Structure formats: C-alpha cells, structure tokens
Amino acid sequence: RVFLRAINQYADMLNKKFLDQANFELQLWNNYFHLAVAFLTQESLQLENFSSAKRAKILNKYGDLRRQIGFEIRDMWYNLGQHKIKFIPEMVGPILEMTLIPETELRKATIPIFFDMMQCEFHSTRSFQMFENEIITKLDHEVEGGRGDEQYKVLFDKILLEHCRKHKYLAKTGETFVKLVVRLMERLLDYRTIMHDENKENRMSCTVNVL
C-alpha cells in the first residue's frame with residue numbers, strides 16, 4: 001500500500017508538470033508505465049494463487065491493489081492525448097501483461113486501451129501494422145508462459161469487436177484483426193494444454209495449427 005501511494009504521487013507529478021507539450025518527458029512517462037505494470041504483476045499481489053482464507057483476509061483489509069493501480073494506468077494512458085503515438089508499439093507488451101491478470105473488472109477496464117492504440121496508430125499512419133505485429137509476438141510469448149485463459153479470449157473478442165464496429169474506418173480491418181488474434185489465442189491455448197500430452201500426434205497437430 002505504501003508503494004502504491006508513492007506511485008500515485010509520482011503519477012500526480014507527471015500530470016502536473018510533465019504532460020504539456022513544452023515539458024513532456026518521454027522517459028519519465030515510460031518509467032511510470034513500466035513501474036506500475038511491474039507493481040501490478042508482482043507475485044505477492046496475485047490473489048488467485050492464495051488459499052481462499054488468505055485471499056478473503058487480504059481483500060477485506062486492502063482490497064485488490066491490482067485493480068486500483070490498473071485503473072490508474074488506464075487513466076494515465078488516456079491523459080497522454082497526442083503523446084500516445086510515442087508509446088506504440090513499445091507499451092503494447094506491458095499493457096498486454098496487465099490485461100492478462102485474471103481479474104474480470106480489471107480486464108474490462110483495460111482491454112479497450114488496445115483499441116485506443118489501434119486508433120491512434122491508424123490516425124498517424126493510416127494502418128495499425130506496428131500494433132498488430134507487436135501484440136501477436138507478445139501474445140505468443142505470454143500464453144506460452146502460462147498466462148491467458150478462455151475468459152480472456154471471450155472478453156478480448158467482445159470488447160474490441162464492439163469498439164471496432166462503431167468506428168467509421170476501422171470497422172472492417174479491425175474486425176479482421178480481432179478474429180485473427182482470437183483464432184491465434186485459441187490455438188495457443190490448445191497448444192499449451194496439450195504440450196504435456198503423451199500422444200505425439202496430438203502435439204504435432206497442435207503445433208501445425210499454431211504455425
């Protein structure tokens with residue numbers, strides 16, 4: 001909780017002194033996002049790994065600190081305004097790590113950042129190629145490392161499709177992209193499940209699907 005308060009004071013200072021065009025400090029903002037995501041993903045806050053009694057005790061006393069810092073990260077991202085493009089594609093990986101935390105409200109609040117990144121890159125270059133390449137590469141790495149689940153896949157699909165369909169220029173390309181990522185996620189999850197299967201043919205078939 002002490003660390004969280006310190007990070008929030010750092011965030012306040014960034015918003016007050018280092019956000020406008022004349023004083024914007026890319027490195028400070030970069031440090032903030034990496035620090036906040038590292039805080040959110042640290043092992044000692046992953047409540048689902050604790051016994052139900054320990055989890056209830058922590059929630060009762062402190063609440064879920066991941067949700068608190070996650071909402072702050074989301075707000076800080078939206079505060080960036082015209083500076084957002086400077087963080088694409090570098091911030092895709094850290095934001096993905098955050099959205100993969102198995103906490104439903106956190107996921108619902110932060111997955112829309114991906115659409116914002118797509119939109120931001122599209123306005124700048126008329127495509128979102130950098131974002132797309134980065135999320136596919138990082139997703140592969142994260143799912144193989146044990147993160148991601150069926151609920152994440154469903155939420156990703158639903159939230160991003162809703163956002164894309166409302167956008168004049170991203171409706172078609174956005175939908176194609178979302179379907180591609182969801183299909184990849186399905187195959188990566190299958191592959192992860194079957195990696196320890198005795199049956200070599202099953203493993204080979206899943207590998208071929210991923211490729």
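This section describes the helices, the nonpolar core, the backbone exceptions and the salt bridges of a predicted model.

Helix H1 spans residues 2-17 and comprises 16 residues. The distance from its first C-alpha to its last is 23 Å, close to the 22 Å expected at 1.5 Å a residue. Within H1, the residues Leu4, Ile7, Ala11 and Leu14 are buried. Viewed down the axis of H1, the buried residues fall within an arc of 75°, so they line one face of the helix. The face turned away from this buried side carries Val2, Arg5, Gln9 and Lys16, which are exposed. The cover over the buried residues of H1 includes helix H2 (26-41) and helix H4 (65-79).

Helix H8 also has 16 residues. Its reach from first C-alpha to last is 23 Å, again close to the 22 Å expected at 1.5 Å a residue. The buried residues of H8 are Phe131, Glu132, Glu134, Ile135, Leu139, Glu142 and Val143. These residues cover an arc of only 165° around the axis, which puts them on the same side of H8. Thr137, His141 and Glu144 are exposed on the other side of H8. Among the elements that cover the buried residues of H8 are H5, H7, H9 and H10.

In soluble globular proteins, nonpolar side chains tend to be buried together. In this model, the largest nonpolar core contains 58 residues. The members that touch the most other members are Tyr32, Phe33, Ile73, Phe114, Met117, Phe131 and Phe156. At least two residues of this core are supplied by each of H1, H2, H4, helix H5 (92-99), helix H7 (112-125), helix H8 (129-144), helix H9 (150-165) and helix H10 (171-194). H10 gives the most to the core, with eight residues. The surroundings of phenylalanine 114 can be described in detail. When its neighbours within four places in sequence are left aside, phenylalanine 114 is in contact with Val92, Ile95, Leu96, Thr99, Phe131, Ile135, Tyr152, Phe156 and Leu160. Two of these contacts, Phe131 and Phe156, are themselves listed with Phe114 among the core residues that touch the most other members. Ile135, another contact of phenylalanine 114, belongs to the buried residues of H8.

Most residues other than glycine have a negative phi, and most peptide bonds are trans. Isoleucine 88 and proline 89 are joined by a cis peptide bond, with omega of about 10°. Proline 89 is placed in the loop between H4 and H5. Arginine 126, a residue other than glycine, has a positive phi near 70°. This arginine is found in the loop between H7 and H8. Just after H8, glycine 146 takes a positive phi of about 105°.

Side chains of opposite charge can pair when their charged atoms come close. Across the whole structure, 13 salt bridges are found. In one of them, the side chains of arginine 66 and glutamate 48 meet at 3.1 Å, N to O. Arginine 66 lies in helix H4, whereas glutamate 48 lies in the loop between H2 and helix H3 (52-62), so the pair ties together parts that are 18 residues apart in sequence. Arginine 66 is buried, with a relative accessible area of 2%, while glutamate 48 counts as partly exposed at 33% relative accessibility. Both residues also take part, with Asp64, in a network of salt bridges.

A salt bridge between glutamate 186 and lysine 153 has its closest N and O atoms 3.3 Å apart. This pair links distant parts of the chain, with glutamate 186 in helix H10 and lysine 153 in helix H9, 33 residues apart. Glutamate 186 counts as partly exposed at 36% relative accessibility, whereas lysine 153, at 10%, counts as buried. Arginine 165 and glutamate 175 form a further salt bridge, the closest N and O atoms being 3.1 Å apart. Arginine 165 is partly exposed at 48% relative accessibility, and glutamate 175 is partly exposed at 24%.

Note on methods: Residues are numbered from 1 along each chain as its sequence is written. This is a predicted model: local features need pLDDT of at least 70, side-chain atom pairs count only at pLDDT 80 or more; totals for chains, interfaces and linings use all residues. Side-chain values use heavy atoms; hydrogens and water are left out. Helices (H or I, at least four residues) and strands (E, at least two) are DSSP runs, numbered from the N terminus. The expected span of a helix is 1.5 Å times one less than its number of residues. Buried means under 20% relative accessible area, exposed over 50%, partly exposed in between (1.4 Å probe, protein chains only). The arc is that of the directions from the helix axis to the C-beta atoms. Contact means heavy atoms within 4.5 Å. A nonpolar core is a set of buried Ala, Val, Leu, Ile, Met, Phe, Trp, Tyr and Cys residues joined through side-chain atoms within 4.5 Å. A salt bridge is a side-chain nitrogen of Lys or Arg within 4 Å of a carboxyl oxygen of Asp or Glu.
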